[in-house]
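These are my notebook entries on one structure. I record what I looked up, in the order in which I looked.

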Amino acid sequence: MKIVKVSDYQEMSEWAGKQVVQKVNELSKPILGLATGSTPEGLYQYLIDAYKNEEVSFKNVTTFNLDEYIGLDSDDPNSYRYFMNEKLFNHIDIDPNNVHLPNGVADDLEKECKDYEAAIKEVGAIDLQILGLGVNGHIAFNEPGTSFESRTQITDLVEETIEANSRFFDNKEDVPTQAITMGIKTIMESKEIILLASGENKAQAVKQLIEGEVTENFPASILHHHPQVTIVIDQAAASLLK
Ligand code: F6R
C-alpha cells in the first residue's frame, strides 16, 4: 500500500487527475472505475480541464461507477447517474454507450446486479479504480460487516452513511435506504486502485485504514491485500496518523 501525502484537496485532486490522464493516454481502451461524492469532484474538474486543453481524450474510455441509489432514476438530481453527467460526462468526449452505472430503478434489481457484474467481466477488468472512503470505512456502499467475497449486490445503507449523505438532500428522510453497489471482490479485481481522502472528518477512518487490522468490520482495510493501491490523503485527513 503506497501512501501519498499532499497538502490539501486541490493537490489531492491534481495528483489523482494526472494519474488518470496518464492511464487514459497509455492504454488503447482504458477501463476506469469511478466514484461519486464530494471527494472526486476536484478530480473530475481536473479531467474536464485536461480534456479542454487537449491533453486527453475520453473517446476510447469505458467507465463503471461503483454504485447507485435504489429508487432514484437518472433524472433525479440526487441520483449518481445525474451527478456523473453533471460533474464529468456532459463535459468530455466520452461515448455515452461506454458509461455504466447500476440502474437503481430496474424492474428486477437482482438481475441488474448480476448483469452489472457480467458487464465488468466482459470488458476484462477495470484498469484504474478511483475510491472515496466512508467515515465508517465503507468503500463503494459496502458497509462494515460486508463479506470480502461480495460481488455487485443490493445493500442496506447504515445510519452513519444516511446521515453523512443527507447533506445532499432536502431532508434526511429523502435519502434512499438502499443502493446497488459493486462488491468488495469486484473492486479488488481492479488492476490498480487509488483511494482519495480529504479533510478532518476522514482522519479517524484514514488512521484505521492505514494503522488498523484487516477486518470485514472496516471494509477499506482489504486494500492492504491489493498489489497496486495508492492512498492519497491531505494534511487534515492525515492528522491522526502516528
Ligand atoms: C460513492 C461511494 C462512497 C463514497 C464515500 C465518501 O460512489 O462509493 O463510498 O466514496 O461515501 O463520500 P464523500 O466523498 O462524499 O465523502
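**Entry 1: strand β10.** I began with β10 and found this strand mostly covered, since five of its six residues are buried. I counted a residue as buried if 20 or more other C-beta atoms lie within 10 Å of its own, as exposed if 12 or fewer do, and as partly exposed in between, with C-beta atoms placed from the backbone. Strands here are DSSP runs of E of at least two residues, helices are runs of H or I of at least four, and both are numbered from the N terminus.

**Entry 2: the model.** I noted that this is a predicted model, in which local features need pLDDT of at least 70 and side-chain atom pairs count only at pLDDT 80 or more, while totals for chains, interfaces and linings use all residues. Residues are numbered from 1 along each chain as its sequence is written.

**Entry 3: partners of β10.** Two strands pair if DSSP finds at least two bridges between them. I found five bridges joining β1 to β10, and these strands run parallel. Within this pair, K5 has I233 in β10 as its bridge partner. Five bridges also join β9 to β10, again in parallel, and I193 is partnered there by V229 of β10.

**Entry 4: the whole sheet.** I then followed the open sheet, whose seven strands come in the order β1-β10-β9-β6-β2-β3-β5 with parallel pairing. Its edge strands are β1 (2-6) and β5 (99-100), each of which pairs on one side only. Further along, β2 (residues 31-34) is joined to β3 (residues 62-65) by four bridges, and L34 stands opposite N65 in β3.

**Entry 5: helix α7.** Which residues of helix α7 (residues 203-211) are buried? I listed A203, A205, V206, L209 and I210. They lie on the same side of α7 because they cover an arc of only 160° around the axis, taken from the directions from the helix axis to the C-beta atoms. Among what covers these buried residues are β1, β9 (193-197) and β10 (229-234), where contact means C-beta atoms, placed from the backbone, within 7 Å.

**Entry 6: residue N25.** Is N25 buried or exposed? N25 is found in helix α1 (residues 9-26), and this residue counts as exposed because it has 12 C-beta neighbours inside 10 Å. I also checked N25 against R81: the two are 56 residues apart along the chain, and their C-alpha atoms are separated by 25 Å.

Key:
Contact = placed C-beta atoms within 7 Å.
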